[in-house]
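Thank you for making time this morning.

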Amino acid sequence: MTHAQSDIDTAMDELQHAYDEALAAGAPARHHPRRDYAPYRSSLLRHPKRPLVPVTGGDPETVELSGPVFGPTDVTETDNDLTVQHGGEPLGERITVSGRLLDRAGRPVRGQLIELWQANASGRYAHLRDQHPAPLDPHFTGAGRTLTDDEGRYTFTTIKPGAYPWRNHTNAWRPAHIHFSVFGTAFTQRLVTQMYFPNDPLFPHDPILRSVTDRAARERLVATYRHELSRPEFSLGYEWDIVLDGPAATWIEEGR
Amino acid sequence: MAETFLPTPSHTVGPFYGYALPFPEGEQIAPKGHPDTIVLHGYVLDGHGDPVPDALLEFWQAAPDGSLTGAPGSLRRDPVTGGHLGRNGTDFTGFGRVATDADGHYALHTLQPGNAGPPYISVCVFARGLLHHLFTRAYLADGADPLLDSVERERRATLLARPGENRSYRFDIRLQGEGETVFLEFT
Ligand SMILES: [Fe+3]
């Protein structure tokens, strides 16, 4: 069965309205998407129907209150510059994306691994199963890694990715986005998400972005253009801070 | 702890992480050739019982001596070529990452975790269609345990990996429906 964009839009509007009403009636804000968001059709058979089972953080021996660690051996010098990984300059608009990795108390998460991956400037992934008939760029793969510094800061140099079509419904297009994978100090803080660019006209039509029904939470997925981060005659600068959810291990001052 | 910063929402890993996230020897937490190596393996299945061929699983566990400090070097790189060197062959990083294959199958080679109580490996599940990852645990033995004891009797088995031949343990993950795996929420 094929779905028209208008069907998907109507379904998204209904879920948005229901969320807004619940919020106005005093329900707590929902920062993450629900796993059963029907307009994103791949979610239908892939979300649990039973409630999650709580594990309370009281037990310090809970394995998930610690997490994997990474170090300088896990990244190479050029891993955070996606424009120099091949013999020539990739096509597209060069950008610098920078921000801080923080926990919910605003404390920097230091020395942790941030990975990203993205489509090229024409909206094509360097992935065999991406069938979008847009050109591959021999000078761009679109995968990068870095470790956060002592202030929790990260920086990537890359290319602004293009929008691309997908098969959720007829004429479905994803707004331009960069996929991020982030580790905290505890496995419970693990996060995989996507960063968007300001003022994209595709936002209202995208069931993945709109699966985050909380409007303020949705805005936290959109980077901010920062002229100070733009580099003269080189790249446009975007700032995007990432805040990790989930219980963290006991904070050790000056640790990590 | 004051929680003044609001969290960045989760999103699905999507279908195209394959050239970015998996890394050579991601499934080999055990040092190469270690005589005590065990294999945790199984299938990821959707609500129709069909295999999920594009799931990404991550594993985190205590070292055999019980330590939870981990070690860097899971994704060790070659600074000269920029390629992946694989793990250094001795350090136990405690972290593994495996994409399911076309049959929805995964296999992790590791050592027995030495955590207090029944040994378990923590599992984080990502997939296209899964807007927010899921946590579960693969227990390698049954026993008194705060989580195991808190779930209903008929669901407890979904957290228990079944010992098989050649030091293997079978642990299937059912995302939905009959025999749905117990997934966890850390509070
Ligand atoms: Fe994408």
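Grid points are joined across faces, edges and corners, and a volume is the space filled by probe spheres set on the points. Before any results, please note that this is a predicted model, in which local features need pLDDT of at least 70, side-chain atom pairs count only at pLDDT 80 or more, and totals for chains, interfaces and linings use all residues. Residues are numbered from 1 along each chain as its sequence is written, chains are lettered from A and ligands numbered from 1 in the order in which they are written, and side-chain values use heavy atoms, with hydrogens and water left out.

How many cavities of 30 Å³ or more does a search of the whole structure find? The search finds 2 of them, and the largest cavity has a volume of about 50 Å³. Its lining includes Glu25(B), Gln28(B), Arg87(B) and Asp91(B). For the classes, Ala, Val, Leu, Ile, Met, Phe, Trp, Tyr, Cys and Pro count as nonpolar, Asp, Glu, Lys and Arg as charged, and the others, Gly among them, as polar; on that scheme the lining of the largest cavity has 3 nonpolar, 3 polar and 4 charged residues.

The largest pocket holds about 820 Å³ of space, and of its 32 lining residues the closest to the centre are His32(A), Arg35(A), Leu52(A), His132(B) and Glu185(B). Helices here are DSSP runs of H or I with at least four residues, and strands are runs of E with at least two, numbered from the N terminus. By class, the lining of the largest pocket has 13 nonpolar, 10 polar and 9 charged residues.

The second largest pocket holds about 560 Å³, and among its 22 lining residues Pro165(A), Trp166(A), Arg167(A), Pro15(B) and Phe16(B) lie nearest its centre. Strand 6 of chain A, residues 164-166, gives the most to this lining, with 3 residues.

From space we turn to packing. Buried means under 20% relative accessible area, exposed means over 50%, and partly exposed lies in between, with a 1.4 Å probe and protein chains only. A nonpolar core is a set of buried Ala, Val, Leu, Ile, Met, Phe, Trp, Tyr and Cys residues joined through side-chain atoms within 4.5 Å. The largest such core has 38 residues, and Phe180(A) and Ile242(A) have the most contacts inside it. Among the elements that give two or more residues to this core are helix 1 (5-24), strand 2 (94-102) and strand 8 (177-182) of chain A. Apart from it lies another core, of 37 residues, among them Val53(A), Leu21(B), Leu75(B) and Val182(B).

Contact means heavy atoms within 4.5 Å. Leaving aside neighbours within four places in sequence, Ile242(A) is in contact with residues including Phe180(A), Leu191(A) and Thr8(B).

Is Asp79(A) buried or exposed? Asp79(A) is buried, because its relative accessible area is 7%, and its place is in the loop between strand 1 (53-55) and strand 2 of chain A. Not counting residues up to four places away in sequence, Asp79(A) touches, among others, Asp74(A), Phe156(A) and Arg77(B). Ala24(A), by contrast, is in helix 1 of chain A and counts as exposed, because its relative accessibility is 70%.

I will finish with the backbone. Most residues other than glycine have a negative phi. Glu233(A), however, has a positive phi of about 55 degrees although it is not a glycine; Glu233(A) lies in the loop between strand 10 (224-225) and strand 11 (236-239) of chain A, and is exposed, with a relative accessible area of 86%. Arg167(B) also has a positive phi of about 55 degrees, and Arg167(B) counts as partly exposed, at 43% relative accessibility.

Key: On a 1 Å grid over the protein atoms alone, a cavity is a set of points where a 1.4 Å probe fits but cannot get out, and a pocket is an open set with protein on both sides within 12 Å along at least five of seven lines; lining residues have an atom within 4 Å of a point.
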